[in-house]
Amino acid sequence: MSSPPPAGPEYAPFFSAMGAASAMVFSALGAAYGTAKSGTGIAAMSVMRPELIMKSVVPVVMAGIVAIYGVVIAVLISQRMAWNMSLFAAFLHLGAGLSVGLSGLAAGFAIGIVGDAGVRGTAQQPKLFVGMILILIFAEVLGLYGLITGLVLAIKAPN
């Protein structure tokens with residue numbers, strides 16, 4: 001049977017809190033960029049083809065999901081924070097938060113760029129819609145990979 005981890009220094013929870021904050025901040029930045037960039041494409045497209053507005057909201061919804069990944073890991077980290085936590089656990093939380101946050105930022109950028117070009121292209125050629133959805137799924141899964149990695153890291157941290 002393994003012994004409990006030693007209590008760390010009193011500044012250890014700071015790194016854990018930074019993990020939770022970075023997960024939320026960076027994934028929200030990615031979601032905001034994806035929403036804004038896709039939204040400008042939707043606005044430009046809706047002038048030519050207003051009947052396609054609801055069909056073109058898919059990139060905005062997918063960008064919003066990236067922020068949910070950040071919320072999930074930030075809540076998980078905050079629930080596992082403790083005053084006497086070890087530096088090992090705190091650094092695992094920091095790594096988990098950065099994993100989710102930075103991959104969410106990258107996914108949000110990809111979703112925004114693809115969503116903008118995709119909805120504009122779909123307005124001119126409706127056959128592009130399926131291709132746009134497939135590329136958006138591949139962009140979204142980047143954030144999901146970060147979430148999976150972050151969950152593994154956060155669960156690995158001792159209480």
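Predicted model: local features only at pLDDT ≥ 70, side-chain atom pairs only at ≥ 80, totals over all residues.
1. Start with the largest nonpolar core. It has 15 residues. Met 45, Ile 111, Met 132, Ile 133 and Leu 136 have the most contacts inside it. The biggest share comes from α4, with five residues.

2. Look next at Met 45, one of the residues with the most contacts inside that core. Leaving aside residues up to four places away in sequence, Met 45 touches Leu 52, Ile 53, Ser 56, Val 119 and Ala 123.

3. Now the pairing of α1 with α3. Their axes are 7 Å apart, and the packing angle is about 5°. Angles under 35 degrees count as roughly parallel, so α1 is roughly parallel to α3. The residues of this contact divide into 24 nonpolar, 16 polar and three charged.

4. Last, the annotation. An unreviewed UniProt entry places the feature "domain: V-ATPase proteolipid subunit C-like" at residues 18–77 and 94–153. Residues 18–77 are 85% helix and 0% strand. The end C-alpha atoms of that span lie 10 Å apart. Residues 94–153 are 95% helix and 0% strand. Here the end C-alpha atoms are 9 Å apart.

Note on methods
Residues numbered from 1 in each chain as written. Heavy atoms only, no water. Core = buried A, V, L, I, M, F, W, Y, C linked by side-chain atoms within 4.5 Å. Buried < 20%, exposed > 50% of the residue type's maximum accessible area, 1.4 Å probe, protein only. Helix = DSSP H or I, 4+ residues; strand = E, 2+ residues; numbered from the N terminus. Contact = heavy atoms within 4.5 Å. Axes fitted to C-alpha atoms, helices over the stretch in contact; angles between N-to-C directions. Parallel < 35°, antiparallel > 145°, perpendicular 65-115°, else oblique. Nonpolar A, V, L, I, M, F, W, Y, C, P; charged D, E, K, R; others polar. UniProt positions renumbered as here; feature names shortened; annotations may be inferred.
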